[in-house]
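Dear colleague,

I am passing on the structure we spoke about, and my notes on it follow directly below. Please read them with the model open beside you.

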Amino acid sequence: MKLWRHHSLQKPLHQRLHPTFKPVPKQIHAFSQFSQDPQITAILSLIDKGNFVPTSVSYSKLLSQCCTTKSLRPGLQIHAHITKSGLSEDPNIRNHLINLYSKCRSFRYAQKLVDESSEPDLVSWSALISGYAQNGLGGGALMAFHGMHLLGLKCNEFTFSSVLKACSIVKDLRIGKQIHGVVVVSGFEGDVFVANTLVVMYAKCDEFLDSRRLFDEIPERNVVSWNALFSCYVQGDFCEEAVGLFHEMVSSGIKPNEFSLSSMVNACTGLMDTSRGKLIHGCLIKLGYDWDPFSGNALVDMYAKVGDLADAISVFEKIKEADIVSWNAVIAGCVLHEYHEQALELLGQMKRLGICPNIFTLSSALKACAALGLKELGRQLHCSLMKMDMESDSFVGVGIIDMYSKCGLLEDARMVFDLLPEKDLIAWNAIIYGYSQNGEDIEALALFADMHKEGIRFNQTTLSTILKSTASLQILHVCRQVHALSVKSGFPSDIYVVNSLIDSYGKCSHVEDAERIFEECPIGDLVSFTSMIAAYAQYGRGEEALKLYLEMQDMELKPDRFICSSLLNACANLSAYEQGKQLHVHILKYGFVSDIFAGNSLVNMYAKCGSIDDAGHAFSGLTERGIVSWSAMIGGLAQHGHGRQALQLFDQMRKEGVSPNHITLVSVLGACNHAGLVTEAKRYFESMEELFGFKPVQEHYACMIDLFGRAGNINEAVELVNKMPFEANAAVWGALLGAARIHKDVELGRRAAEKLFILEPDKSGTHVLLANIYASVSMWENVAEVRRLMRNSKVKKEPGVSWIEVKDKVYTFLVGDRSHYRSREIYAKLDELSDLMEKAGYVPMVEINLHDVEQSEKEQLLYHHSEKLAVAFGLIATPPGAPIRIKKNLRVCIDCHTAFKFICKIASREIVLRDRNRFHHFKDGSCSCGDYW
């Protein structure tokens, strides 16, 4: 049967074409030559001295012994003696030499001997083919088989087994089927040796049905047949089926051997099934196979991969002569389960015992260095790989790139990447991920573009990494392009890509797109819920975030610390104190109480929900306090008007060795601002660079200008704006406009407003404040002009909105709102309060109402402000004596502030109001701000 058609079929024997072989890597030669048999060395010494003259039989025995021990160097010396003695033409000796060279991977010598043979010899060709196959060089074996086939030599069972093994190695089903046909024609299909190899070949080529059919047709199946089948099933990741086959074999009365049990250990590893693995371990001991190195290595690998390192090391220590496979298994297991220091200790121990690490050992060590950030040790390992001439290997190169990237050495990582002779997808992913993880997102995107230009196909890992960089840069159009690429390339339903798209759209402020992708996702997992909840919480849609959490609970998905942190932030933005407390219970329940992210979010939530005492308790309970923790607590105290306490905490933070960042200093200056501590604020501001190592930024200037304005130092505020080393932003001009409002400074207000009209033309607050300044000095024409400007510019005034939480539900109120189902009761309560307040001396501040209407109507409008409606609802919907917590999106007006001082005393309730700037705690007729706000 002709397997190939070739033009050289008609050429003479001496012109036959033979395969060209790539040079064998240096380390392979080294591995081939290290074996040396003392007995052979002694005999060679006798031959050299002339004390022993071997016959052809003696030479055959010596070569056979060299082959068994893979002693290449003595084999070369014997070959020299054979040539000198004139026995090189002896077919038997020549076959032994070919076999030796093939087993020791010296294929050029083996091929030369085959070529020099005067007559084609099946044994010679079989030895050559077998050598290639046994050394994992399937392509070489098939080319040698091609050469043999051209000579018209018929195969025997040994040749068929070797060439079928070669087909398994290269996974060439087409050639495998052709050889199967030759096997059938030649009558060897009944040979158990060949049949077993056919079973393996079909299984390795992923044709498991054909493999099983051939297995079932073997007339007399032995343990080798069974081992061949379920070994392939394990390697094909059909571990459960492999275990089933094992039970079937035992039931048929065939006793397992050490190879059967080793395969079952590997199956248990694939299934991560320690229980069955331990049962197999028991069988190995019972049958006396626990001494077997293959079984020992399989057990070490199993225990290491399932995370039972104590048992892995226990088995490892019982292996009489642990080889490189044993060491690699236990080191890789340590790295897999993040016992990186122990992995490196084992590497040192291994080297001290004289065992030379290979590329797999060093690859695991590189991962340990990457995790621990050990730059210098990583460089040493890189040098070791260079000496082994392996740094250009793609697998090794990716490990080195990953190590340098995780150690922050991007230039080194890029150099290794650029020097790779062949850059596959994994290498591109490694370098792109490295840049992305180190915050070099623009370079990550540029590399992705280069990769795309070079025609390298990306996968879900590439897309997820690029989307992460897109999210960090908040570049919406790139996010849309990557989304389109994912759809075009067939990844629209991949859960990793879907989750990354949700995260990226969310961080690019396009929550609607994120929401659409989330809803279209067939199976939402924890990551997709986390991304969507974070997006909702980040962009002020806290109610949707909390609803989504309820859906997640219905699906019995256990939250992680990131979801809890996002939900707490949502509660903080909503001032949803009760729901925040319930989430605190969940944090305790799921064991996140010591997590710094969840802990910081708890401090922030309680502070923003108006309970600074609970925030203090949460802060005290933190096992680890980073700068975010301190900043959250200092900021909370500042917002609640506890300026002195905030500064004391800041001093404590510095004593504990925590350096502040610019956000901490914003909180410190804010604390001084809310408490009117001008001297302290000036000291911190003026010495910021000297004490803390960074210059003031826009936010710090805005705090100082607001502070000067509130304290009546308007000239200092203006002077500071004029001295700023950079162009003032909207926050600074907004602070100056606020100062102008307080002091009724028309010219300053007009100047600040003109700047804000340019910087924030769509913001209604500027128009409102300027109109208030004009109204405060009775410049009604100018008030009308501002309103005309608003209409012409199509700027809409931001409506005042207030929120209150009652029984785990957040209620929203607008000015004059009558949409609430208890609206009649709310307005009745307001009327009742109005009468009681008037008797107590309250006078409505109608002058702050700029509408051109009668005074009675102005009073009515003031009574129906959103925060008053929320308080009235709180009084009728919460138990007597319970604090009322409300939030407003704008600064509380002076009339409502005054009214609440009366209401808290009349109703004997504490009212906690969070407005745009700070918290106001109304109790016993006064406010915590001391009317300094």
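**Notes on selected residues**

Glu 240 lies in helix α14, which covers residues 239-251. Please bear in mind throughout that this is a predicted model. With a relative accessible area of 43%, Glu 240 is classed as partly exposed, because that class takes in values between the 20% limit for buried and the 50% limit for exposed residues. If residues up to four places away in sequence are not counted, Glu 240 touches Leu 271 and Arg 276. Leu 164 is 76 residues from Glu 240 along the chain, and the C-alpha atoms of these two residues are separated by 26 Å.

Arg 94, to turn to another helix, is found in α5, which is made up of residues 91-103. Is Arg 94 buried or exposed? Its relative accessibility is 9%, and Arg 94 therefore counts as buried, since the cut-off for that class is under 20%. Leaving aside the neighbours within four places in sequence, Arg 94 is in contact with Ser 88, Glu 89, Leu 113, Ser 117, Asp 121 and Ser 124.

Definitions and conventions:
Residues numbered from 1 in each chain as written. Predicted model: local features only at pLDDT ≥ 70, side-chain atom pairs only at ≥ 80, totals over all residues. Heavy atoms only, no water. Helix = DSSP H or I, 4+ residues; strand = E, 2+ residues; numbered from the N terminus. Buried < 20%, exposed > 50% of the residue type's maximum accessible area, 1.4 Å probe, protein only. Contact = heavy atoms within 4.5 Å.
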